[in-house]
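Please keep the sequence and the structure open while reading.

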Amino acid sequence: RKKIGVMTSGGDAPGMNPAVRAVVRAAIYHDCDVFAVYEGYEGLVKGGDLLRQMDWNDVRSYLSLGGTAIGTARCAEFREREGRLSAAANMIRNGIDALIVCGGDGSLTGADLFRSDWPSLVQELVDNKTFSPQEVAPYKHLTIVGLVGSIDNDMACTDSTIGAYSSLERITEMVDYIDATATSHSRAFVVEVMGRHCGWLGLMSGLSTGADYIFIPERPPKAGEWHQELKNICSRHKAKGKRRTIVIVAEGAIDDQLNAISADQVKDVLVELGLDTRITTLGHVQRGGTAVASDRLLATLQGVDAVKAVLENTPDTPLPMIGVLENKIVRQPLMEAVRLTKSVATAIESKDFDKAMQLRDSTFAE
Ligand code: F6P
């Protein structure tokens with residue numbers, strides 16, 4: 001019987017529980033044993049109680065559960081070879097030779113490293129007499145499949161990551177609340193949203209709430225000019241009778257000379273304009289709560305396909321990442337997607353913002 005491990009890693013995202021549920025149930029449906037790896041890679045490194053076989057009923061009610069019930073961590077030990085060696089030993093001890101990892105690009109890059117290290121890790125476990133050559137014989141190849149779970153929607157080659165639309169919904173709801181008090185007092189609010197280096201949450205929440213101005217890293221305003229531009233736009237809106245002013249600042253916001261733009265700086269400009277201004281940093285509220293229906297669906301369809309991808313995997317298949325393009329679940333070569341994602345950051349660093357936007361949009365056929 002095939003034994004598959006499933007884990008969530010990196011920052012939690014709404015929809016991770018539905019993804020774990022789908023993997024557990026699809027694996028059981030396909031006659032596999034399935035293990036939850038608790039606390040992300042830490043569970044693999046430490047083993048023992050952190051690796052638990054899952055039953056059909058263990059994931060009951062996971063669809064509407066926020067966060068990740070099997071825990072997550074950013075694990076420093078797994079970045080070291082020693083940690084990966086211990087992870088490999090724990091997998092072999094439990095008979096697991098396939099992993100489905102739900103996380104962001106960092107977690108999935110770690111998975112790729114683990115896979116490429118695998119043969120030498122197994123050899124080392126024989127050399128140091130942890131296992132005999134016979135014991136490791138069935139573990140020549142490690143299968144890994146990636147599911148992208150992140151509120152940031154920052155991965156290339158997929159239209160949406162698990163959790164992004166839930167987070168967008170939460171931000172939109174919060175800005176609507178702010179809108180009510182801002183309108184009552186004729187105030188301005190600077191709302192800082194998450195997204196790390198990606199402006200998707202900032203852009204989409206700005207559009208969803210009719211914000212007056214949006215700061216995102218991929219379309220930075222001109223240094224030395226944005227103060228005046230912001231003032232002009234907000235005054236124009238005021239002159240049209242708008243009582244409230246809402247400015248969304250993505251946490252990675254910069255100007256076109258790559259200087260960081262903070263919520264405080266934006267507030268100062270609005271105050272200069274004479275607006276009574278407050279800052280709201282939404283913070284981790286954006287990652288909390290239950291997943292919206294579209295994330296539950298995405299996680300379920302992708303979780304089922306991840307199990308199929310494990311069963312269809314061959315040693316030559318490049319590590320697959322389960323994505324979604326134009327509403328179809330697709331398998332993409334993970335490291336290509338990671339490479340393209342990183343190239344957005346490189347384009348921004350070299351001030352080629354058009355290219356950054358183009359790359360953000362880029363996808364490629366299955
Ligand atoms: O990647 C998800 C994310 O929420 C980012 O938007 C944010 O920059 C980061 O994680 C915050 O990380 P932490 O929860 O470790 O503070």
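Is Asp 152 buried or exposed? In this predicted model, Asp 152 is buried, because its relative accessible area is 8%, which falls under the 20% cut-off for that class. The points below place this residue in its surroundings and then turn to other parts of the chain.

**The annotated position**
- An unreviewed UniProt entry carries the annotation "active site" at Asp 152, and such an annotation may be inferred rather than shown by experiment.
- Asp 152 lies in the loop that runs between strand E5 (143-148) and helix H6 (164-185).
- Once neighbours within four places in sequence are left aside, the contacts of Asp 152 are Gly 195, Arg 196, Cys 198, Trp 200 and Leu 201.

**Helix H7**
- Trp 200 and Leu 201, both in contact with Asp 152, are among the buried residues of helix H7 (residues 200-209), together with Gly 202, Ser 205, Gly 206 and Thr 209.
- The cover over the buried residues of H7 includes H6 as well as strand E6 (188-193), strand E7 (213-215) and strand E8 (245-250).
- Just after H7, Gly 210 adopts a positive phi of about 65°.

- Thr 341 is a residue of helix H11 (residues 334-349), and it is buried, with a relative accessible area of 9%.
- Beyond its neighbours within four places in sequence, Thr 341 is in contact with Asp 105, Asp 154, Met 155 and Ala 156.
- The axes of H11 and helix H12 (residues 353-361) come within 8 Å of each other and cross at roughly 165°, so H11 is roughly antiparallel to H12.
- The crossing in which H11 passes H12 is left-handed.
- On the H11 side, Leu 340, Ser 343, Val 344, Ala 347 and Ile 348 take part, and they meet Phe 353, Lys 355, Ala 356, Leu 359 and Arg 360 of H12.
- As a general point, an α-helix has 3.6 residues a turn, so residues three or four places apart point the same way.

**Cysteines**
- How many disulfides does a search of the whole structure find? The search finds 0 disulfides.
- For Cys 102, the closest cysteine sulfur is that of Cys 75, and because the two sulfurs are 17 Å apart they are too far for a bond.
- Cys 102 is buried, with a relative accessible area of 3%, and Cys 234 is also buried, with a relative accessible area of 0%.

Technical notes. Residues numbered from 1 in each chain as written. Predicted model: local features only at pLDDT ≥ 70, side-chain atom pairs only at ≥ 80, totals over all residues. Heavy atoms only, no water. Disulfide = S-S within 2.5 Å. Buried < 20%, exposed > 50% of the residue type's maximum accessible area, 1.4 Å probe, protein only. Helix = DSSP H or I, 4+ residues; strand = E, 2+ residues; numbered from the N terminus. Contact = heavy atoms within 4.5 Å. Axes fitted to C-alpha atoms, helices over the stretch in contact; angles between N-to-C directions. Parallel < 35°, antiparallel > 145°, perpendicular 65-115°, else oblique. Left-handed = near helix turned anticlockwise from the far one by under 90°.
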